[in-house]
Structure formats: structure tokens, C-alpha cells
Amino acid sequence: MFVLKGIEQLEKAIAKAKKIRPRVEFVNFGRYQVSGSKGFYTVICRKDERGYKVVDCTCKGAEKGLVCYHAASALSLHIGLARTRQAA
Ligand SMILES: [Zn+2]
């Protein structure tokens with residue numbers, strides 16, 4: 001799990017995601033399934049009680065607080081969806 005403070009945090013993970021091109025499946029708003037080396041990982045994007053954006057992924061890297069490419073992939077979809085919602 002990590003707290004998203006800015007898009008620059010995601011740069012490396014986004015670069016990796018562009019290379020690997022994982023499949024991102026929408027489960028519901030804030031919950032996504034992303035393909036990885038060992039099957040699908042679940043990524044959850046939410047806001048905690050202090051209003052921070054928190055991202056959870058079920059992979060090993062995220063357990064250690066790393067920004068993984070699964071999270072970056074899910075976030076790019078999530079941010080797009082959030083924008084669409086606000087516009088609606
Ligand atoms: Zn991950």
C-alpha cells in the first residue's frame with residue numbers, strides 16, 4: 001500500500017506498464033484487476049479518512065510500499081473514470 005502524493009511518484013511504474021502492457025479489468029469504481037507475472041492482482045484506489053489517495057495492490061512489491069506497475073495501470077484508468085464522473 002502506498003499514499004499517492006503526486007503523479008511523479010508513478011513515472012517509473014508507468015514506464016514499466018507501457019513496456020509490459022498489463023490487462024486492466026474494471027471490477028467497480030476504485031477496484032481493478034491487473035494481469036501480472038503470476039495471474040491477476042487486485043488494485044484498490046480509495047481515499048482514507050484524512051483525504052489521502054491510498055492505493056493497494058495484492059502483489060509482493062506493493063506489500064513493501066513500492067509503487068508497482070499494476071497500481072500505475074489501474075490508476076490511469078481510475079483517474080480517467082474519476083474525471084468522467086466529475087464531468088457528468
Ligand atoms: Zn502490484
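**Notebook: contacts, zinc site, core and pocket**

I looked up Val55 first: leaving aside neighbours within four places in sequence, Val55 is in contact with Met1, Phe2, Val43, Ile44, Cys45, Ala71 and Leu75. Contact here means heavy atoms within 4.5 Å.

I note that this is a predicted model, in which local features need pLDDT of at least 70 and side-chain atom pairs count only at pLDDT 80 or more, while totals for chains, interfaces and linings use all residues. Residues are numbered from 1 along each chain as its sequence is written, and side-chain values use heavy atoms, with hydrogens and water left out.

**Core**

I then looked up the largest nonpolar core, which has 16 residues. Such a core is a set of buried Ala, Val, Leu, Ile, Met, Phe, Trp, Tyr and Cys residues joined through side-chain atoms within 4.5 Å. Buried means under 20% relative accessible area, exposed means over 50%, and partly exposed is in between (1.4 Å probe, protein chains only). Phe2, Val43, Val55, Cys57 and Leu75 have the most contacts inside this core. Two or more residues each come from β1 (2-4), β3 (31-36), β4 (39-47), β5 and α3. Helices (H or I, at least four residues) and strands (E, at least two) are DSSP runs, numbered from the N terminus. In soluble globular proteins, nonpolar side chains tend to be buried together.

**Zinc site**

Which atoms coordinate the zinc ion? I find Cys57 (SG), Cys59 (SG), Cys68 (SG) and His70 (ND1), at 2.0 to 2.3 Å. Donors are N, O and S atoms within 2.8 Å of the metal (3.2 Å for Na, K and Ca); water is not among the atoms, so sites may look incomplete. The arrangement is tetrahedral because the four donor atoms subtend angles of 105 to 114° around the zinc ion. For four donors, that label requires all angles to lie between 85 and 135 degrees. The ideal angle for four tetrahedral donors is 109.5 degrees.

Along the chain, the donors follow the spacing C-x1-C-x8-C-x1-H. Cys57 lies in strand β5 (residues 53-57) and Cys68 in the loop between α2 (60-63) and α3 (69-87), so this pair ties together parts that are 11 residues apart in sequence. Both Cys57 and Cys68 are buried.

**Helix α3 residues**

Ala74 is found in helix α3 and is buried, with a relative accessible area of 0%. Not counting residues up to four places away in sequence, Ala74 touches Val24, Tyr32, Val34 and Val43.

With residues up to four places away left out, Ser73 touches Ala17, Pro22, Val24 and Val34.

**Pocket**

The largest pocket has a volume of about 360 Å³. A pocket is an open set of points on a 1 Å grid over the protein atoms alone, where a 1.4 Å probe fits, with protein on both sides within 12 Å along at least five of seven lines; lining residues have an atom within 4 Å of a point. I count 16 lining residues, of which Lys47, Lys53, His78, Ile79 and Ala82 lie nearest the centre. β4, β5 and α3 each give two or more residues to the lining, and α3 gives the most, with six.

**Loops**

Is Ser37 buried or exposed? Ser37, in the loop between β3 and β4, counts as exposed at 69% relative accessibility. Ser37 and Pro22 are 15 residues apart in sequence and 9.4 Å apart in space, C-alpha to C-alpha.

Arg21 is found in the loop between α1 (11-20) and β2 (24-28) and is exposed, with a relative accessible area of 69%. Arg21 has a positive phi of about 50° although it is not a glycine. Most residues other than glycine have a negative phi.

Conventions
Tetrahedral: all angles 85-135°; square planar, octahedral: opposite > 155°, others 65-115°. Points joined across faces, edges and corners; volume = space filled by probe spheres on them.
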